[in-house]
Amino acid sequence: MSKAGAPRHDPVPIGEVATPPFARLADPLSLFHARAERFLSLARGHELAAYLRFLAGLAETQHRIQAGLPEPDLPESDAVARAHEFGMPPLDRNQFVTGPAIEATLDRLFALARELDMPEPARAGLARATASDPPTRDAMMRAVLADSVPTERLSEHVFVAGALQVHFARMAARLDAGALVPVGDGACPTCGGPPVSSMVVGWIGAHGTRFCACALCATLWNYVRIKCTLCGSTKGIAYQEIEGHGDTVKAETCDSCRGYLKVLHQHKDAALEPVADDVATLGLDLLVREAGYRRGGVNPFLLGY
């Protein structure tokens, strides 16, 4: 592992002024299919190939189940307006209420996931999730949303998390991105959850700016570079990478809170994907944690790390 020197911004192309939007909402009809393709690409020759191929199949299942799902219930317009006024997420995960849309999403994902090639512990977890009664289902969803999944129950929660990603991405896509406002360091302006990773993008009009990516609803929100996403500190920020593995994925570490979040340099490699590339760079997590930093990003597919 190497530690980069003094951080600096990448130059903005001549003639382009970076004026990024605060937030971008994902299109769930393309999000999961693109993620599946990225997982497959990353699996080639990777030491985690079998797991990455399983996640590719799960992401494609997330894509396939969407056709014909019930419309998700959204907050009333006055509740969205209050959230905007008081700097609160309009789809606050802490206020989650079950309903027909998420129940149908769970049922479909559990059913189609049985077709996937998966490790035996995952198959056993899927069987337990499928057989769970309503109170158990509700408890599993709340554990995922609270990032408090019991270690001994990780395998079934992977599938529950997959369904929740679909549900929240569908709800988020129906909001007005222009009405979203900051709700705190390291908090998604849509659902209030933590990021999975962050990206330095190469979009026209936003080249060289950073966006955090929500692990749950896939919202992207603009966040200042060289600033800790966990505590907001601008002191003691450094960048760690694995020598010989390129410079497109780094860990931004903070000496103030001893936390870190990965930064994906998508402006250098447009194929980088916040969830998939986070899983595929698990080796970087292990090395940074050995140096005494705690992981700030949350990835439902790395619940055991």
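Me: How many bridges join β3 to strand β8?
Reply: Keep in mind that this is a predicted model. Strand β8 covers residues 259-265. β3 and β8 run parallel, and the number of bridges that join them is 3.

Me: Which residue in β8 stands opposite Val200?
Reply: Look across from Val200 into strand β8. The residue standing opposite is His265.

Me: In which sense do β3 and strand β4 pair, parallel or antiparallel?
Reply: Strand β4 spans residues 210-214. There are 5 bridges between β3 and β4. One of the residues to look at is Ser197, whose bridge partner in β4 is Ala213. The sense of the β3 and β4 pairing is antiparallel.

Me: Why is strand β3 described as largely enclosed by the rest of the structure?
Reply: A residue counts as buried when its relative accessible area is under 20%. Strand β3 runs over residues 195-200. It is largely enclosed because the number of its residues that are buried is 6 of the 6.

Me: Now the charged pairs. How many salt bridges does the count come to?
Reply: Side chains of opposite charge can pair when their charged atoms come close. The cut-off here is a nitrogen to oxygen distance within 4 Å. By this rule the count of salt bridges is 18.

Me: How many residues apart in sequence are the parts that Arg64 and Glu115 tie together?
Reply: The side chains of Arg64 and Glu115 meet in a salt bridge, at 3.6 Å from N to O. Arg64 sits in helix α2, while Glu115 sits in the loop between α4 and α5, so the parts tied together are apart in sequence by 51 residues.

Me: Where does Glu71 lie?
Reply: Arg174 forms a salt bridge with Glu71, and their closest N and O atoms are 2.8 Å apart. Arg174 lies in the loop between α7 and β3. The pair ties together parts 103 residues apart in sequence, and Glu71 lies in the loop between α2 and α3.

Me: What is the relative accessibility of Glu71?
Reply: Arg174 counts as partly exposed, at 34%. Glu71 counts as exposed, with a relative accessibility of 53%.

Me: What separates Arg142 and Asp138 along helix α6?
Reply: The side chains of Arg142 and Asp138 meet in a salt bridge of 2.9 Å, N to O. Arg142 is partly exposed at 36%, and Asp138 is partly exposed at 22%. The two are 4 residues apart in helix α6, so their separation is about one helical turn.

Me: Which residues do salt bridges with shared partners join into one network?
Reply: Here the salt bridges share partners. The residues joined into one network are Lys262, Asp278, Asp285 and Arg295.

Me: How many residues in the lining of the largest pocket are nonpolar?
Reply: The lining has 23 residues, and among those nearest the pocket centre are Pro75 and Leu91. By class, 4 are polar and 3 are charged, while the nonpolar residues number 16.

Methods: Residues numbered from 1 in each chain as written. Predicted model: local features only at pLDDT ≥ 70, side-chain atom pairs only at ≥ 80, totals over all residues. Heavy atoms only, no water. Buried < 20%, exposed > 50% of the residue type's maximum accessible area, 1.4 Å probe, protein only. Pairing = 2+ DSSP bridges. 1 Å grid on protein atoms, 1.4 Å probe; cavity = no way out; pocket = protein on both sides within 12 Å on 5 of 7 lines; lining within 4 Å. Nonpolar A, V, L, I, M, F, W, Y, C, P; charged D, E, K, R; others polar.
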